[in-house]
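Welcome! Let's walk through a few questions together.

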Amino acid sequence: MKRVILFDLDGTVIDSTEAILDGFRVAFETFGGEIPSDEAIKNEVGHTLEDMFLTLGVARDRVDEHVHAYKMHYRVISCEKTVLLDGAREAIEEASTFATLGVVTTKTGEYSRILLEHLGLMHYFSVLIGGEDVQNHKPHKEPILKALAKLEHNKSKTWMIGDTCMDIESAKNAEINFVAVTSGYATLKMLQKCAPLITANVYEAVKHIKKSDEN
């Protein structure tokens with residue numbers, strides 16, 4: 001049975017920071033709110049949009065309208081303002097030679113598919129689980145288990161690659177293997193609290209998984 005590798009997107013495979021920041025600026029400007037700092041926004045990447053807006057000070061009864069404004073802008077600019085992280089294309093191409101691949105992200109699945117199609121990578125993935133596909137988001141195990149339910153797999157040969165402790169905790173809760181990468185939104189110090197195995201980027205992570213497959 002082939003290995004399974006599940007990839008987070010933001011900070012692991014893609015850098016959509018510019019698009020995310022732009023979307024939040026537009027949402028806050030639309031409703032006259034004070035725009036948070038870029039660092040404050042980036043610190044929340046990986047959480048749901050709803051939770052991000054709450055943390056950034058939006059009243060609960062106004063979160064939905066902010067999310068809608070964000071999405072309407074993001075869908076227009078996301079392809080233009082999103083790039084692959086270094087080594088990501090090579091990592092996915094390499095991983096596809098020895099594993100079945102999937103995406104598990106809190107980002108909206110529709111936009112994730114559009115981005116991956118735009119980047120010429122969607123055909124490598126057998127499953128994509130987005131934020132709207134689950135009731136419980138990472139670090140809950142549901143997103144990973146939902147992806148695995150669609151794939152032939154052996155948990156001992158299944159891996160999650162992600163850039164935050166939410167990715168890692170989700171993998172732990174789903175009882176699969178995991179690798180953290182420092183290419184995204186969590187610092188090395190933050191990742192050291194949750195992940196014993198940390199690599200510089202997704203390509204290094206894939207190489208580690210391949211090597212473990214050969215041993």
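Predicted model: local features only at pLDDT ≥ 70, side-chain atom pairs only at ≥ 80, totals over all residues.

Residues are numbered from 1 along each chain as its sequence is written, and side-chain values use heavy atoms, with hydrogens and water left out.

User: Is Thr-105 buried or exposed?
Analyst: Thr-105 sits in the loop between β4 (99-104) and α6 (109-118); helices (H or I, at least four residues) and strands (E, at least two) are DSSP runs, numbered from the N terminus. Buried means under 20% relative accessible area, exposed over 50%, and partly exposed in between (1.4 Å probe, protein chains only). Since its relative accessibility is 5%, Thr-105 counts as buried.

User: How far apart are the closest N and O atoms of Lys-210 and Glu-94?
Analyst: These two form a salt bridge, meaning a side-chain nitrogen of Lys or Arg within 4 Å of a carboxyl oxygen of Asp or Glu. Lys-210 belongs to helix α10 (residues 202-214) and Glu-94 to helix α5 (residues 88-95), so the pair links distant parts of the chain, 116 residues apart. Their closest N and O atoms are separated by 2.5 Å.

User: What separates Glu-169 and Lys-172 along helix α8?
Analyst: Glu-169 forms a salt bridge with Lys-172, with the closest N and O atoms 3.5 Å apart. Because they are three residues apart in helix α8, the separation is about one helical turn.
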